[in-house]
Structure formats: structure tokens, C-alpha cells
Amino acid sequence: MTLTILGIESSCDDTAAAVVRGTNVMSSIVYGQTALHADFGGVVPEIAARAHAEKIDHCVEEALDVAGITLDDIDGIAVTAGPGLIGGVLSGVMCAKGLAAATGKPLIGVNHLAGHALTPMLLKSVQFPYLMLLVSGGHCQFLIAHGHDQFTRIGGTIDDAPGEAFDKTARILGLGQPGGPAVQDAAATGDATRFKLPRPLMDRPGCDMSFSGLKTAMIRARDGVIVENQGLTKGDQADLAAAFQRAIADVLTEKTDRALTEYMSLSPAQPSFAIAGGVAANSEIRARLETLCADRGVIFSAPPLALCTDNAAMIAYAGGLRMQAGQLDDLKLSARPRWPLDDKTPAMLGSGKKGAKA
């Protein structure tokens, strides 16, 4: 049976709803909040939560209209139940609960990270098991996907995620937000060799990464230019952005090479590597990883740009897989700020009262 699932996503600063039937994305609506947070240099959780609460019902209505169906035509309601900014996650969960209670349709809570990690399956580009690099504003980890709810983490960031580093670098250089596209645009005309930036943890074995020190090095490089030249020119911004982007790409490429070695030890029938998350939209990083996979004889998969960033199509698809497996929730479903995909491997970023962060 091919299921028709309404998906709802509100884990950070994008309010999204989508309708997916099997692997057919019938609609995917995203209301961004970039303008609301522009003056603050990053996402303000309270502002994001209010915006989600104001927009989420309109987003759902538009997704249904574009798909040409009504709530009576869907088989289930999937919603991001974590991890994420708790106010935003709660907005989505409460909306989904209300719809489920009103319609009697099944409710499926979905891990936001699983949505990203299963995007290659939605695109029908890989087979289990495949190696996934999930790289976004809040997360960076290598996962071996064995099934829709079975993931093994073999490495990740021990501090900041690359997306966060891109955002902070954009602020450091006086570029716009969101930081990823702003840094990439500036880097297009820059000289990546002018500034020598560190490649953290490259001298250590394994697949773990660190990006906090890279941000500190960027601040020092920028300040050095300002002191020397009494300011920061457009050319300086471009060169610094290019150097930063190259450093990130170098780290991700080397660590992916190591992760591929570990993954290939499983002797997969169809060796495949996939990248997902907002940073997957970066053209230099995509090109470097695609070349690496070609050199190693591994199938490379990357989603179209619209499915790199947060969206509800991935949530609907992941929810459909959970529903087929009988993994349903009831109206007691809770919003979770922390929810690791691999709960057997020790947490990398520490734990708190509410569990492992990642």
C-alpha cells in the first residue's frame, strides 16, 4: 500500500509542511524566517517559536491545496518531534496533535535527523547500508544507515557544527545571513591560499571533527588584516571567506575518506555515500566529495538544494516508513530538544537531564 503522509517541520527557523505519497513529493511548502532574525546575526529561539505558531496552520493548508487533496485523503500525520529549538518543535507537535485528534488520523513523531538521513531513500538514489554525512547548522556526523530506524554513528563534531561556523564567519566578516550562501558567494572571487587557517583534528586518527578553533583563527586573521590595512576591503573579505571554505572542505574530504574506509569494511553490495543537511548545498564541498567518491568507486548522492535545508518532505517520507513498520505515536507524543539517532554510541557533545545532545 502506498501511503499519503502530511509532514510538518518546525525544528529551527523554517516553518514547513509537505504531502508525500510513497516517494512522490506532491507538495513542499517552506516559510523562511531570515528577515525576522537578520538584525540579530542568528536565530533567536523566542522569535522563531512565535513565527512558527503564527504560520504553521497556513503552511499546512497551502501544502494540502498544492497537493490537491484534503485531510480526508491522507493516511497519517508525521511531525518533527525533535531534536531542535524546543519552542519551535513544540509548535509543530501541538499542530500535528490537533489535526490527529480532529481527524482520527495516525500520528507519527519523526526524528529530524532521520529525515535528513533518509532523504537519499526518498530520491531513490541509494540502498541500505549506505554512508551518510549529515552536515548542517546544528549537526555534523557520519552515520551508517542500516535501515529506516537503525543508524551507527562512526564520527562527528566534538564541538561546533560547520553550519554554525559558516554563520559565525559571515558575522565576523560583515557578510549577510544565512551565513552559508553569504560565505560561498564571497569566496567565489577570493584567493583561498592567501590566509593559512588550521585544519583541526587532521593529525588525529578517526572520523571526529572540530570547528571551534577554526572560528577563532578566522577572528585573528581578520583582526590582523584590519590592524595592517586600517580596515577590511571587499577583496579581504573574499580571500578570508575562500580560505575558510577551503579549510572546511579539506577537513570534510579527509574525514569522509576515513569514514568510507570504515564503511567499506562492511562489504556493502552497492557502496554508496550520501550527504544531506544545509551545508550540503555548498558547491565546493559537494564537488570535492563527489570527486572523492568517484576515485573510490562509490556511488555519490546529494539532494537537490531545496531538500538540503530543513523541509517537511523528508519528515513525511520518514514518517511513512515508520507508519509502514507500525511505529505510531499517540497524543502523549512529546517535543524533544535532544534525540540522537544512534543511542548506543556514547554522546559526543555531552548529556544533560534531558538526554544526549547528539
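Trainee: In which helix is the place of Gly235?
Mentor: This is a predicted model. Gly235 sits within residues 234-264, and that stretch is helix 9.

Trainee: Is Gly235 buried, partly exposed or exposed?
Mentor: Buried means under 20% relative accessible area and exposed means over 50%, with partly exposed in between. The relative accessibility of Gly235 is 36%, so the residue counts as partly exposed.

Trainee: How far apart in space are Gly235 and Ala186?
Mentor: In sequence, 49 residues separate Gly235 and Ala186. In space, C-alpha to C-alpha, the separation of Gly235 and Ala186 is 8.9 Å.

Trainee: Is Gln237 buried or exposed?
Mentor: Gln237 also lies in helix 9. Its relative accessibility is 11%, and buried means under 20%. Gln237 therefore counts as buried.

Trainee: Which residues is Gln237 in contact with, leaving aside its neighbours within four places in sequence?
Mentor: Contact here means heavy atoms within 4.5 Å. With those neighbours set aside, the contacts of Gln237 are Leu173, Gly174, Leu175 and Leu232.

Trainee: How far apart are the end C-alpha atoms of helix 2, and what should the helix span?
Mentor: Helix 2 covers residues 45-67, which is 23 residues. At 1.5 Å a residue, the helix should span 33 Å. The end C-alpha atoms agree with this, being 31 Å apart.

Trainee: Where does helix 2 bend?
Mentor: The bend in helix 2 is about 45°. Just after the helix, Gly68 has a positive phi of about 75°. The bend itself is at Lys55.

Trainee: What covers the buried residues of helix 2?
Mentor: The buried residues of helix 2 include Ile47, Ala51, Ile56, Val60 and Leu64. What covers the buried residues includes strand 1, strand 2, strand 3, helix 1 and helix 3.

Trainee: Which helix gives the most to the lining of the largest pocket?
Mentor: The largest pocket has a volume of about 1,500 Å³. Of its 49 lining residues, the closest to the centre are Cys12, Asp13, Gly137, Gly138 and Asp167. Helix 1, helix 4, helix 6 and helix 7 each give two or more residues to this lining. With 6 residues, the one that gives the most is helix 6.

Trainee: How many charged residues are in the lining of the second largest pocket?
Mentor: The second largest pocket has a volume of about 390 Å³. Of the 19 residues that line this pocket, Asp149, Gln150, Phe151, Pro340 and Leu341 lie nearest its centre. By class, the lining has 8 nonpolar and 5 polar residues, and the number of charged residues is 6.

Note on methods. Residues are numbered from 1 along each chain as its sequence is written. This is a predicted model: local features need pLDDT of at least 70, side-chain atom pairs count only at pLDDT 80 or more; totals for chains, interfaces and linings use all residues. Side-chain values use heavy atoms; hydrogens and water are left out. Helices (H or I, at least four residues) and strands (E, at least two) are DSSP runs, numbered from the N terminus. The expected span of a helix is 1.5 Å times one less than its number of residues. The bend at a residue is the angle between axes fitted to the seven residues ending there and the seven starting there. Buried means under 20% relative accessible area, exposed over 50%, partly exposed in between (1.4 Å probe, protein chains only). On a 1 Å grid over the protein atoms alone, a cavity is a set of points where a 1.4 Å probe fits but cannot get out, and a pocket is an open set with protein on both sides within 12 Å along at least five of seven lines; lining residues have an atom within 4 Å of a point. Grid points are joined across faces, edges and corners, and a volume is the space filled by probe spheres set on the points. Ala, Val, Leu, Ile, Met, Phe, Trp, Tyr, Cys and Pro count as nonpolar, Asp, Glu, Lys and Arg as charged, and the others, Gly among them, as polar.
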